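Work through the following exercises with the sequence and the model open side by side. Each task is followed by a solution in steps.

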Amino acid sequence: MNGHTEQRHTPRADISSNVSVFQQGDLSYLGLLLNCSDEGLMISTYEAIEPGTELNLELVDVRPDLDVHRTGFCQAEVVWSKPIPPSLYSAGCRMKAPCNTLNGMIRSYQKTEPDPVG
């Protein structure tokens, strides 16, 4: 154990689909969603993001098996950032004001069964 105490209040779900993360406004690509919980996101990035940075995120869930995609939005604060050798970084973010679509996306990642198509 590394001595780090888990501070997450809700369990996180690993992501099995491709969820791209963009900065709202200029739609610059930040990276991929690695896992999430009801309150937070962990993303991979090409550059370190300083803790305390406020982000306006757009997450795009591409599901080729269903030929659909979903787009969710939220504000987020970067809580931590660390390197993923050899050339990536991971950032833990606390979500603020996720839209209803993003809440639905997160709920679907937390399920163990596939979503039925409606």
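The model is predicted.

**Exercise 1.** List the residues that Leu 41 contacts beyond its neighbours within four places in sequence.

Solution. Leaving those neighbours out, Leu 41 is in contact with Leu 33, Asn 35, Cys 36, Leu 57, Leu 59, Cys 74, Ala 91, Gly 92, Cys 93, Met 95 and Ile 106.

**Exercise 2.** Describe the largest nonpolar core and find which element gives the most to it.

Solution. Step 1: this core has 22 residues, and Leu 33, Leu 41, Leu 57 and Leu 59 have the most contacts inside it. Step 2: the elements giving two or more residues to the core include strand E3 (29-36), strand E4 (40-45), strand E5 (54-63) and helix H1 (100-110). Step 3: H1 gives the most, with four residues.

**Exercise 3.** Classify the two aromatic pairs in the structure.

Solution. Step 1: the ring centres of Phe 22 and Tyr 29 are 5.6 Å apart with planes at 70 degrees, so this pair is edge-to-face. Step 2: for Tyr 29 and Tyr 46 the centres are 6.3 Å apart and the planes at 45 degrees, so this pair is tilted. Step 3: Tyr 29 is in strand E3 and Tyr 46 in the loop between E4 and E5, 17 residues apart. Step 4: ring pairs link Phe 22, Tyr 29 and Tyr 46 into a cluster.

Technical notes. Residues numbered from 1 in each chain as written. Predicted model: local features only at pLDDT ≥ 70, side-chain atom pairs only at ≥ 80, totals over all residues. Heavy atoms only, no water. Core = buried A, V, L, I, M, F, W, Y, C linked by side-chain atoms within 4.5 Å. Buried < 20%, exposed > 50% of the residue type's maximum accessible area, 1.4 Å probe, protein only. Contact = heavy atoms within 4.5 Å. Phe/Tyr/Trp six-rings, centres within 6.5 Å; stacked < 30°, edge-to-face > 60°.
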